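Reader: I would like to go through this structure one step at a time. Please show it first.

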Amino acid sequence: MTGSNTIISLRQIKKSFASTEVLHGIDLDVHAGSHTVIFGPSGSGKSTVLRTMNLLEKPNSGSICFENREYGPGLDSAKLERGKPLELRRRVGMVFQQFNLFPHFSAIDNIAIPLATVTGISKSDARERGAIELKKVGLLPWAASYPSQLSGGQQQRVAIARALSIDPILMLFDEPTSALDPELVGEVLAVMRSLAESGMTMVVVTHEMNFAKEIGDQHIFMEAGNIVATGDANFFDNCENERARQFIGSVL
Amino acid sequence: MDNDLRINFMWHLIWDYRGELIQGLWTAVAVSITALFLSLFIGLVFALAKMSRFAFFRGLSTIYVNIFRGIPALVSVIWVYFGWSLLFGRNFTVYQAGVIALTLLYSAFFSEIFRSALQAIHKGQREAGMALGMTRIRIFRSIIMPQGLKIAIPNIGSMYIGMIKDTSTFAVIGLAEVVRVTQTINSQYFQPFVLYTAAALLYVAIAFLVDYIFKGFESTITYPSNGILYRFLTRKKRAHIQKLVDANS
């Protein structure tokens, strides 16, 4: 299924760390405007799948198709032009579990400096864009603050603003609330919720099953390097896979 | 005339020869600062070689570091001044020999300082840069290097004090630094206590000054910083951010 509204598709992705294969051939399509949720137990490979989508992990075999370009080792059947990882990454935003803000830049420069270097616009213009993005996540008054002066929730909101500044057509979230104190989870989910409502295509790896249920319209349950169950928005109510049901039951 | 040498301290010699002593200190500082900049550059190159994906560069760096870290400054400078002259068929000035000798030794130390500082940066920093579409070079320049430098600076400061002290061994090739100057004066008056006290105090004073300067660097690149230099250097940037905050809120 590589219809015109498919943003990214993974085909037969296999990935090994040292001699251990952690992904055994993943097939996945993400459609424009959809909100894909990947969940499953620790070590199931969900983060690795997500990180493969912007090539932070290089698959050992298989193909990634994005905007009519093929990435990864590739498959003969794809018949697409090869793309450079940089081209893909400049169209895909990513939010990490540990925020990964740059500690030596203020909140606004965390957005402006990468933006200026990637797009070639002036630092001053990039800061103007940074101010707009910070305002969207409610952190404009903290523009001059350094990450060490912000709470975890605020840091993650800056990280989301930073990822959005490059105008991505796809946003990847790698357990964005797992490193947060429970009372700070809500503010980050609120930002993600409004992003989802704005129509952004999102792929989210998360343990927040209530949130997953709320925004997800494609659910992927992974275990031991395989996708073992998939479903639409109603997945949580009528899931037929035994393991997925058990997992959902234990987490919800 | 008093025959008891112990009480015949000619402290005025320090004042009489202040010009020569200060000139000697200046020579020590000039040689060591030149060597500092060269060592930082060469040390960084070897640190990057050590982290290269090519085994050849890693091996080269390991060999270089292990050899030159182990050579005493005295041996190094004699080797360069007398040995290299034979090897290259040209004579180095004492100044050049001093700079080369120090650079060989300290680039090895700085290589290790840079390597450990750069490796201390969490890999998430590099990944965040990659995810934003930054090139490897940009990531290194804007993200990894500034953070690594902050970790390295206190160690660079300590090393630089060591470099100044090591210039004292260059008296042996005739470089007119503090010890050579002191020796020359002492040979006329035989006042070792007075003159070497003066020499020691000069080294201590310069060590304090270097420490003060490097503390200043450190506070400037600490984030968030309250250093005066930091506030001065970033005043335009901070005004711009404030303007944007005001305009958008």
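Author: Domain bounds here come from an automatic or database domain assignment. The model itself is predicted.

Reader: Into which domains is chain A divided?

Author: The assignment gives two entries for chain A. Domain 2 covers 92-167, while domain 1 is made up of 1-85 + 170-180 + 202-252. The answer is therefore a matter of assigned bounds: domain 1 (1-85 + 170-180 + 202-252) and domain 2 (92-167).

Reader: Which element supplies the largest share of the side of domain 1 of chain A that touches domain 2 of chain A?

Author: The C-alpha centres of the two domains of chain A lie 26 Å apart. Their contact takes 11 residues from domain 2 of chain A and 12 residues from domain 1 of chain A. On the domain 1 side, the largest share is 5 residues, and it comes from strand S8 (residues 170-174) of chain A.

Reader: In strand S11 of chain A, what is the bridge partner of Ile220(A)?

Author: Strand S10 (residues 218-223) and strand S11 (residues 226-231) of chain A pair in the antiparallel sense over 5 bridges. They form a hairpin with 2 residues between them, and Ala224(A) in the turn has a positive phi of about 50°. Across the pair, Ile220(A) is bridged to a residue of S11(A), namely Thr230(A).

Reader: Are helices H8 and H9 of chain B roughly parallel or antiparallel to each other?

Author: Helix H8 (residues 178-189) and helix H9 (residues 192-220) of chain B pack with their axes 10 Å apart, at an angle of about 165°. Angles over 145 degrees count as roughly antiparallel. H8(B) and H9(B) are therefore roughly antiparallel.

Reader: How many charged residues are in the contact of H8(B) with H9(B)?

Author: From H8(B), residues including Val178(B) and Ile185(B) meet residues of H9(B), among them Leu195(B) and Tyr203(B). By class, the contact has 9 nonpolar and 2 polar residues, and the number of charged ones is given as no residues.

Reader: Which helix supplies the largest share of the side of chain A that touches chain B?

Author: Here 31 residues of chain A are in contact with 25 residues of chain B. Helix H2 (85-89), helix H3 (107-119) and helix H4 (123-136) of chain A each supply at least two residues of that side. The largest share is 6 residues, from H4(A).

How values were computed
Residues numbered from 1 in each chain as written. Chains lettered and ligands numbered in written order. Predicted model: local features only at pLDDT ≥ 70, side-chain atom pairs only at ≥ 80, totals over all residues. Contact = placed C-beta atoms within 7 Å. Helix = DSSP H or I, 4+ residues; strand = E, 2+ residues; numbered from the N terminus. Axes fitted to C-alpha atoms, helices over the stretch in contact; angles between N-to-C directions. Parallel < 35°, antiparallel > 145°, perpendicular 65-115°, else oblique. Nonpolar A, V, L, I, M, F, W, Y, C, P; charged D, E, K, R; others polar. Pairing = 2+ DSSP bridges.
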